[in-house]
Amino acid sequence: MEARDPFNPWSTPLDAPCAPPFPFTFRNADILTLAYRTTPEAVRRLLPEPLRPISDWVLIHIYNMNDVDWLGKYGECNVMIGAELPGKGIGGFSPFLFLNSDGGLAQGREVHGQPKRWANARVEFRSDLIVGVLERNGIDVVTGTMGYKQTRGDLADLKKAIYDFSLNLNFKLIQQIDGRPAVKQITSRQLSDMKIHECWCGPCSVELRANVLAPLFRLPVVETGNGYFWRADFTLVPGTVVYDYLL
């Protein structure tokens with residue numbers, strides 16, 4: 001086997017890296033997207049400066065990642081609120097993000113600055129109902145539902161009605177060993193080679209339960225909108241630093 005270059009590593013351990021390098025591809029992912037309205041105050045509390053809120057709607061994406069380069073099969077949940085970095089970009093900021101893959105967790109935090117924590121997310125098909133669940137510490141923090149494939153949908157309608165979440169904004173924070181900040185940035189990324197195999201929409205329900213280590217309850221449900229179930233392939237590629245606090 002070819003030896004890895006110890007002076008140009010992507011991830012540690014050097015002989016069994018945890019996080020995958022770019023690009024890597026997700027195939028046949030099942031995604032349940034839940035849309036609900038919260039309070040403007042709740043959105044503002046979770047946005048770091050200089051980001052500005054653009055909406056009081058929350059999007060929760062729950063994924064069955066069925067076939068991923070390096071990482072295999074796992075579940076993930078990305079919570080987004082609409083945000084703008086004036087003059088630089090508009091998209092979905094992730095205040096909370098959960099999954100049950102150590103490689104995906106390491107890659108998300110170390111490279112993108114995504115606030116990934118360990119939890120179990122899954123999309124299930126229960127007779128005529130699609131159910132999305134996020135569980136941590138034995139608590140179903142999120143339970144979302146929509147009817148099984150009742151009306152064909154188009155994600156363009158969701159992006160037009162709520163906000164275009166295809167640009168993902170994140171707050172990246174990494175400390176030096178002596179406690180000084182090493183990296184403090186707003187980063188952005190977009191998925192590449194997106195291929196949507198099917199998309200369905202319909203009214204959804206969203207139930208949140210309190211867990212102080214997975215505090216989605218800080219974005220309380222005021223009104224629910226439509227849910228979207230879609231199945232897709234996409235590739236994760238390098239992103240961009242859109243704001244650097246240390247410069």
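Q: Is tryptophan 10 buried, partly exposed or exposed?
A: The class follows from relative accessible area, taken with a 1.4 Å probe and protein chains only: under 20% is buried, over 50% is exposed, and partly exposed lies in between. Tryptophan 10 has 43% relative accessibility and therefore counts as partly exposed. The model is a predicted one, in which local features need pLDDT of at least 70 and side-chain atom pairs count only at pLDDT 80 or more, while totals for chains, interfaces and linings use all residues. Residues are numbered from 1 along each chain as its sequence is written, and side-chain values use heavy atoms, with hydrogens and water left out.

Q: How many helices and strands does the chain have?
A: Helices (H or I, at least four residues) and strands (E, at least two) are DSSP runs, numbered from the N terminus. The chain has three helices and 14 strands. Its radius of gyration is 18 Å, close to the 18 Å given by the globule rule for 247 residues, so the chain is as compact as a globular protein of that length. The radius is taken over C-alpha atoms, and the rule is 2.2 Å times the number of residues to the power 0.38. The C-alpha trace spans about 55 × 45 × 35 Å along its principal axes.

Q: What share of the residues of the chain counts as buried?
A: Of the 247 residues, 48% are in the buried class.

Q: What share of the contacts comes from residues 24 or more positions apart?
A: A contact means heavy atoms within 4.5 Å. Among contacts in the chain with a separation of 6 or more, residues 24 or more positions apart account for 66%.

Q: How many aromatic pairs does the whole structure contain?
A: A pair of aromatic rings is described by the distance of the centres and the angle of the planes. Rings of Phe, Tyr and Trp (its six-membered ring) pair if their centres lie within 6.5 Å; planes under 30 degrees apart are stacked, over 60 edge-to-face, and the rest tilted. A search of the whole structure finds seven such pairs. In one of them, tryptophan 10 and phenylalanine 22 are edge-to-face, at 5.7 Å centre to centre and 75° between the planes. Both residues lie in the segment before β1 (24-37), so the pair ties together parts that are 12 residues apart in sequence. Phenylalanine 22 is partly exposed at 21% relative accessibility.

Q: How far apart are the ring centres of phenylalanine 171 and tyrosine 245?
A: The centres are 5.7 Å apart and the planes stand at 85°, so this pair is edge-to-face. It links distant parts of the chain, 74 residues apart: phenylalanine 171 is in strand β10 (residues 168-175) and tyrosine 245 in the segment after β14 (240-244). Phenylalanine 171 is partly exposed at 26%, and tyrosine 245 is partly exposed at 24%. Elsewhere, ring pairs link Phe24, Phe26 and Phe234 into a cluster.

Q: Is histidine 112 buried or exposed?
A: Histidine 112, in helix α2 (residues 102-112), is buried, with a relative accessible area of 5%. Beyond its neighbours within four places in sequence, its contacts include Phe22, Asn170, Lys172 and Arg189. Glutamine 114, in the loop between α2 and β5 (116-118), is buried at 6%. Not counting residues up to four places away in sequence, glutamine 114 touches residues including Leu97, Asn170 and Arg189. Its C-alpha atom is separated by 6.7 Å from that of lysine 172, 58 residues apart along the chain.

Q: Where are peptide bonds cis?
A: The bond from phenylalanine 22 to proline 23 is cis, with omega near -15°; proline 23 is in the segment before β1. Another cis bond joins glutamate 49 and proline 50, with omega about 5°. Proline 50 lies in the loop between α1 (40-45) and β2 (52-68).

Q: What is phi of asparagine 137?
A: Asparagine 137 has phi near 60°, a positive value in a residue other than glycine. This residue is in the loop between β7 (129-136) and β8 (139-147) and is exposed, with a relative accessible area of 52%.
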